[in-house]
Amino acid sequence: MLSMCEVDREGRKKQTQEYFTQKRELDEILGHWTDEEILKNETFLDNSCGSGNILNAVLERKLGVGISLDDALPTLFGVDFEVTNVEECKTRLLRGREDLRHVVEQNIVCANALRYHYRFDGSPPYDPEPVVEPKKNKKQITVDPRVKENNLFPGLND
Ligand SMILES: C[S@@+](CC[C@H](N)C(=O)[O-])C[C@H]1O[C@@H](n2cnc3c(N)ncnc32)[C@H](O)[C@@H]1O
């Protein structure tokens, strides 16, 4: 049976391309990293994290090599513009540790990944658009009427 989140997702699928990475694919992707590499506890970003399948699999690997949730959670970052996905992702990563909620509230962000500023500091997600001033002193080009009359540059009269 589908949960309410999954029902919403089914309806959105065409619009948002919500194909979530499956366990087999995750095992293949994460299989490229050795335990020694995982132990470095490097930072990981999924900029279309959905409900967190990839981030959750990375967390599993980190916990599996003995890194604590307190140390692993602050290394995981996600962005997604669907609020239900973002909330599900936060809950999954927390694993019941509500005392760490402030970490996911800052690091798992609801925003358009194409416009987010990627500071993960809790500030409003988008920087103001740069103001483009209209060009002043645009040169006026006067075309000698004979150019048009003699059709020297076809298309100029269009
Ligand atoms: C294919 S799913 C991938 C989810 C996750 N990475 C996984 O592998 O399970 C795509 C996700 O990208 C999100 N998405 C698509 N375009 C986006 C954008 N411009 N900004 C933020 N999220 C976006 C959708 O809401 C959806 O949750």
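Residues are numbered from 1 along each chain as its sequence is written. Because the model is predicted, local features need pLDDT of at least 70 and side-chain atom pairs count only at pLDDT 80 or more, whereas totals for chains, interfaces and linings use all residues.

Of the 20 residues around the ligand, those that come nearest are Thr21, Ser48, Gly50, Asn53 and Ala113, a residue being near when its C-beta atom, placed from the backbone, lies within 6 Å of the molecule. The shell comprises 8 nonpolar, 8 polar and 4 charged residues, where Ala, Val, Leu, Ile, Met, Phe, Trp, Tyr, Cys and Pro count as nonpolar, Asp, Glu, Lys and Arg as charged, and the others, Gly among them, as polar. At least two residues of this shell are supplied by each of helix H4 (53-64) and strand S2 (76-80), helices (H or I, at least four residues) and strands (E, at least two) being DSSP runs numbered from the N terminus.

Helix H4 also packs against H6, at an angle of about 10° and with the axes 10 Å apart; the axes are lines fitted to C-alpha atoms over the stretch in contact, and angles run from 0 to 180 degrees between N-to-C directions. H4 is therefore roughly parallel to H6, a term for angles under 35 degrees. Leu55, Asn56 and Leu59 of H4 and Cys89, Arg92 and Leu93 of H6 make the contact, which requires C-beta atoms, placed from the backbone, within 7 Å. Just after H6, arginine 95 takes a positive phi of about 50°.

Terms used:
Angles under 35 degrees count as roughly parallel, over 145 as roughly antiparallel, 65 to 115 as roughly perpendicular and the rest as oblique. Two residues are in contact if their C-beta atoms, placed from the backbone, lie within 7 Å.
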